[in-house]
Amino acid sequence: MEDKKKGGGGGASIGSGGRRRMAKKWVLRVGSSILIWTVVMQLTSIAQLWHPLLPRSWPTACFGSQGRDQNSTNYPILESKNMIKGKMASPAARLPRRVYKSNGYLLVSCNGGLNQMRAAICDMVTIARYLNLTFVIPELDKRSFWADTSDFGDIFDVIHFIDSLRDEIKIVKSLPHKFDTRVHRGLFSIPPISWSSETYYLKQVLPLIRKHKVLHFNKTDARLANNGLPIELQMLRCRVNYDALKFTPQIEAIAGKIISALRKNGFFVVLHLRYEMDMLSFSGCTHGCSKAETDELTKMRYAYPWWKEKEIDSDHKRLEGLCPLTPEEMTLVLQALGISRNAQIYIASGQIYGGESRLAALKVAFPKIVRKEMLLSTDEFSPFKNHSTQMAALDYLVSVASDIFIPSYDGNMARVVEGHRRYNGYQKTILLDRKLLVELLDLYRDEKLSWDQFRSAVVEIHKNRIGQPTVRKVIPGRPKDEDYFYANPQECLSLPRSFM
């Protein structure tokens, strides 16, 4: 019994010590878990890490039944500091403000249409961040053909623009009072050199800002190189474009209504028909126009001193693929591409030159043609009616959301929308080869090609021109001829290994 009691007592003593050790381990584990969880939550709060944007699947191909099975692989978008790959974190979770010593203020006056100004703003913010400047909300072009009086805040959400970039750069709504009287009167103002690298801004522009405290860029389009920039600057250009430049709630709401109305009726194609008076006059493209129309367009071109090219051979330019396709030409191209007669065709454009009669052939071939004016009530549409840039913003959002986007010309909107659709997961964008198309169109009209031959040729030359992953073309010494950064922001995308 004594041995048994000793054994029992010994067992009880060991069990008690074991329980104490287990309790200690449990407390340590719980404490460690709480500590780790607290650190993780703090880091998450500070970093505001961006989560992946789920790539969209390819829409149904438009090249007939053969094309429908050729869906592209979706490639995730690369992560970047504070980036949600196309979307920002909840507005309630404000980014930490970046504290830095500002070298001065950068004031910019943008020139051109909505998308030309949009790309320029992205470049200017990137330059300001690189030079540690304070950026002033941009002035928008009011002198162009359409003479839109819209200010930045009439098109873009100013508060979102400032707050979404606060961890990178300080943005103010206006210059401090002491500089106000100098705006456009004695303020040091220059146009930066086109297609410049970051070295130009560091070596030549920064000293000017340090000297004058405020620098005004009076032209902003194409002032930053497409290629050869540090990856951080390229990523920031994307962040400004796809996150910070958010349209006003009013524009977003009306565009959403248009998109919803189109979606209710199923599949829809956006045709960016760049057959407007200003484009035809600027480009000198008069194919299909009467003599009176040609004279009118030529007269307009001479009326604008900054449209430098005056004497233009329209026929030669068209054969080089440098003219917008006419509505009649686009009708044949859409049919050849296999776009269904029953498909909704949303026309994204300003007023078509020549009026509704120029759309007659297109309407016969595709009866379900719609425009924003047809999908909105008078009250909804009237606030935008005399503001071409706000109208362009509506078309922009609808174009990005479409199942297929087809531009008739590679102007600024076409290229910026193309890049946005690549960024959103390589949505289908049919990039027309106009040089080959006008040759095929002329052969078909001269009855040197049958319809089947014409259709097969059109499909063949566009089978690899549908917005799939590709490497941006670089041409040293010829930046204007390179692929445009905003049409293919490849540094912000994930490409297949075969493209790296």
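**Exercise 1. Classify Cys-285 as buried or exposed, then find its partner.**

Step 1. Take the accessibility. Cys-285 has 4% relative accessibility and counts as buried. Buried means under 20% relative accessible area, exposed over 50%, and partly exposed in between, with a 1.4 Å probe and protein chains only.

Step 2. Note the kind of model. This is a predicted model, where local features need pLDDT of at least 70, side-chain atom pairs count only at pLDDT 80 or more, and totals for chains, interfaces and linings use all residues. Residues are numbered from 1 along each chain as its sequence is written, and side-chain values use heavy atoms, leaving out hydrogens and water.

Step 3. Find the partner. Cys-285 forms a disulfide with Cys-323, the sulfur atoms being 2.0 Å apart. A disulfide is a pair of cysteine sulfur atoms within 2.5 Å.

Step 4. Read the torsion. About the S-S bond of Cys-285 and Cys-323 it is about -85°, so this disulfide is left-handed.

Step 5. Helices (H or I, at least four residues) and strands (E, at least two) are DSSP runs, numbered from the N terminus.

Step 6. Check the partner. Cys-323 is buried too, with a relative accessible area of 6%.

**Exercise 2. Describe the disulfide between Cys-238 and Cys-492.**

Step 1. Start with the distance. Cys-238 and Cys-492 are joined S to S at 1.9 Å.

Step 2. Find the handedness. The torsion about their S-S bond is about 90°, so the disulfide is right-handed.

Step 3. Locate the ends. Cys-238 lies in helix H8 (residues 231-244), and Cys-492 in the segment after helix H20 (451-462). The pair therefore ties together parts that are 254 residues apart in sequence.

Step 4. Check burial. Cys-238 is buried, at a relative accessible area of 1%. Cys-492 also counts as buried, with 1% relative accessibility.

Step 5. Write the pattern. The structure holds two disulfides. Counting bonded cysteines along the chain, they follow the pattern 1-4, 2-3.

**Exercise 3. Work out what surrounds Asp-148.**

Step 1. Asp-148 sits in the loop between strand E2 (134-136) and helix H4 (152-155).

Step 2. Find polar contacts. The side chains of Asp-148 and Ser-150 are joined by a polar contact of 2.8 Å. Such a contact is a pair of N or O atoms within 3.5 Å; within protein, one must be able to donate a hydrogen and the other to accept it, and residues adjacent in sequence count only if both atoms are side-chain atoms.

Step 3. Turn to the backbone. The nitrogen of Ser-388's backbone lies 3.1 Å from a polar side-chain atom of Asp-148.

Step 4. List neighbors. Not counting residues up to four places away in sequence, Asp-148 touches several residues, including Asp-141, Asn-386 and His-387. Contact means heavy atoms within 4.5 Å.
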